[in-house]
Amino acid sequence: MFLRMRMIMWKEFVQIGRDPRLLAVVVVIPMLMLLLYGYAINLDVRNLRLAVYDQDRGPASRALIDVFVGSNYFYITHYLRSHHEVNGELDGNRTQLVLIIPPDYSRDLAGGRTARVQVLVNGSDSTTAGTGIGYVAAILQQQSAKVSLQALARDGVSVTRVVLPVDNRIRYWYNPELRSTNFLVPGLVAMILMMLAALLTSVTVVRERERGTIEQLIVSPVRPIELMLGKLIPYVVIAFCDVLLILLVGVYVFQVPFRGSPWLVLGISGIFVTAALGIGLLVSTVAPNQQLALLAAMLTTQLPSVLLSGFMFPISSMPAFLQWFTLIIPARHFIRILRGVIMKGNGPADIWPPALGLLIFALVMLGLSAARFKKKL
Amino acid sequence: MNIRRIIRLLKKELLQIVRDRRMIGLLLFSPVLQLFLFGYAVTTDINHISTAVYDEDRTAASRELIERFTSSGYFIPKYYLSSPREIDELLDGGRVQMVLHIPRGFAGNMARGRGAEMQTVLDGSDSMSARVIAGYATAVIQGYSGRIMLEQLDRLRGTVSRVPSIEGRLRVWYNPELRSARFMVPAVLSMILLTVTIMLTSMSIVREKELGTLEQLVVTPLTPAELMLGKTLPGLLIGMLDMTFVLLVAVFWFRVEIAGSIPLLFLLSILFLLTTLGLGIFISTISKTQHEATLTSFFFILPFIILSGFMFPIENMPRIIQYVTYAIPMRYFLEIIRGIFLRGVGLNYLWPQTLTLAAFGIGILTLSAARFSKRLG
């Protein structure tokens, strides 16, 4: 049995070796993804574009603008002069927020009244807008408190009696600076493996069928499970090398702190790689041609793994039916394990249930593809 | 150029697609599936935050603060703790995202007019959620703080004349409820157009190469230009069909309204397809097998999507990467369709992007066409 399996494996390795583009993909795509996700994507919203329409032009309005600039969250793109310009600024997407200070702003404050400013938010990017609203509300509240206290101090009231009553300290565990790379790199391992599964294994069987070489395999004494394992193992080896590569780059180039046991990560990655590539293999035994195999593989592996795994979008915010559905996505469990081990230093005791789930998933995929292939015989 | 010959080739191409039920199913079903996944799974809004409460103070004040968290609708208190050790367990196991810690003396400090300290501990391993949750928590605490402060000020009002304050009125334009679906639909649309047209075009040419039927086409009276038209028009048609599908689902299921002109949307989408179809032809000239073509497509699709600002705002990227994004045609297309979709603007605002996109499209298509004709000749 092992001899026959080895022959299939050897054949696959030779085929992979003959395909320089495939090898390039295996090295370049993971690096490209690491670079794009690790370097280009920054989830920290800063440098929001703010346009100011200051109708007051008094010392108080300038003080307010200074607070916005000094917060480091905003930079001012334009000083506007008319309501007409406000529309153009937003319609042309040149700014994300417009701060409108009314003409009687300074007078209202000096007279001890409530001054009303208006902030228009460009909602076309809902994520950035949501964050921006939070910043604006916080800044306005602080400035309001400051103005009130200053007035009280002028009136001779002891300011110490009206300090902000609650002093909240926020602490972020496991990732004190909230670096997005620390959060993204473990998830990327899963993403890249899923992509390789879609790109590599999904065509292995269907290609033989399209080229007619499948009949030669059928008449040979090789058994379905031997064929499946023989086809899977070379890719598992390659994908596993990719895991190592990504983790090394993640730790040494992107400086992701690694708290848990590397051996645990590698062991679980082995299981996940088999599960991920197993899906590709199953698709390959079902699909009638390569084109369809690739499309189907993308839909079944890539898309759910990006969206439903918690890679970026929190599962707890999804509708309930979708939350249940995420349970059958292997990447979801793998990412939870990776983040747990890498960032929190989780040990086997914390992670065995999802790990066991992954193992079962891998075996089922392998069994299904072998069974599916037998029928075709 | 002979219209009849092109139509005949076009018929053959469409017949090939239509005959394959699964293919046509996948081509129409996959965009809708993607829209559903993006529409439901991608929420920038975070809710159902599992929270643990460690209230050492156990006073009316601490209970009021906790009540404010619960009634905000974002936080779900799951555990009430009695020792600090439990905090570690819950966060390590990933069972809660936030721990609210109110130390003894909270109410006492506040009554004495001192800043009452408290702590929120967040699981930073999901840095994206942690940041948003911190914002919510700060807002809740500030709301509480503000109320206490107002009470204090009110007590002083007897002695002081008037206390000025600032009130901000925030208005969100274009997407007042900040629904992510409105932001995501244009992104999904552009992604689908990109992937479907590049893959379909490159694979349909390369498949003829792989099966050896391309030579038969070459010896027919078809000129290279006619051949290219016959090969790209199906991509264009399917792209438009997919777009219509997605728009229908977006409008009737997700209730996303299109603020601008729909004919303009289609017209400028065709402009974008010049680029993607050109890329499809280019990929077919450098690939020998369908598998190679897919792998190569990936090199284009991946940076196109990530660097287009499709989900991750370009302003947040490092400066060098921001310059790179100018070379990504999809960036301009996204600006255009978001402009039409959300802000309802027309060419008077979008002409710079339209011109750039047209330049890219014509340039890429001409270069690829030239290369394709040379290869055939």
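A: Two residues count as in contact if their C-beta atoms, placed from the backbone, lie within 7 Å. This is a predicted model, where local features need pLDDT of at least 70, side-chain atom pairs count only at pLDDT 80 or more, and totals for chains, interfaces and linings use all residues. Residues are numbered from 1 along each chain as its sequence is written, with chains lettered from A and ligands numbered from 1 in the order in which they are written.

Q: Nice. How many residues of chain A are in contact with chain B?

A: 106 residues of chain A, against 103 of chain B. On the chain A side, α6(A) gives the largest share, 18 residues; helices (H or I, at least four residues) and strands (E, at least two) are DSSP runs, numbered from the N terminus.

Q: And which strands form the open sheet?
A: The order is β2(A)-β1(A)-β3(A)-β4(A)-β5(B), with mixed pairing; strands pair if DSSP finds at least two bridges between them. β2 (74-79) of chain A and β5 (165-173) of chain B are at the edges with a single partner strand each, so one side of each has no neighbour in the sheet.

Q: How many bridges join β4(A) to β5(B)?
A: There are 9, and the two strands run parallel. One pair there is A:Asn122 with B:Trp173.

Q: Switching to helices: what does α6 of chain A lie across?
A: Helix α6 (residues 126-154) lies across β1, β3 and β4 of chain A together with β5 of chain B, at about 170 degrees to β5(B). Axes are lines fitted to C-alpha atoms, for helices over the stretch in contact, and angles run from 0 to 180 degrees between N-to-C directions.
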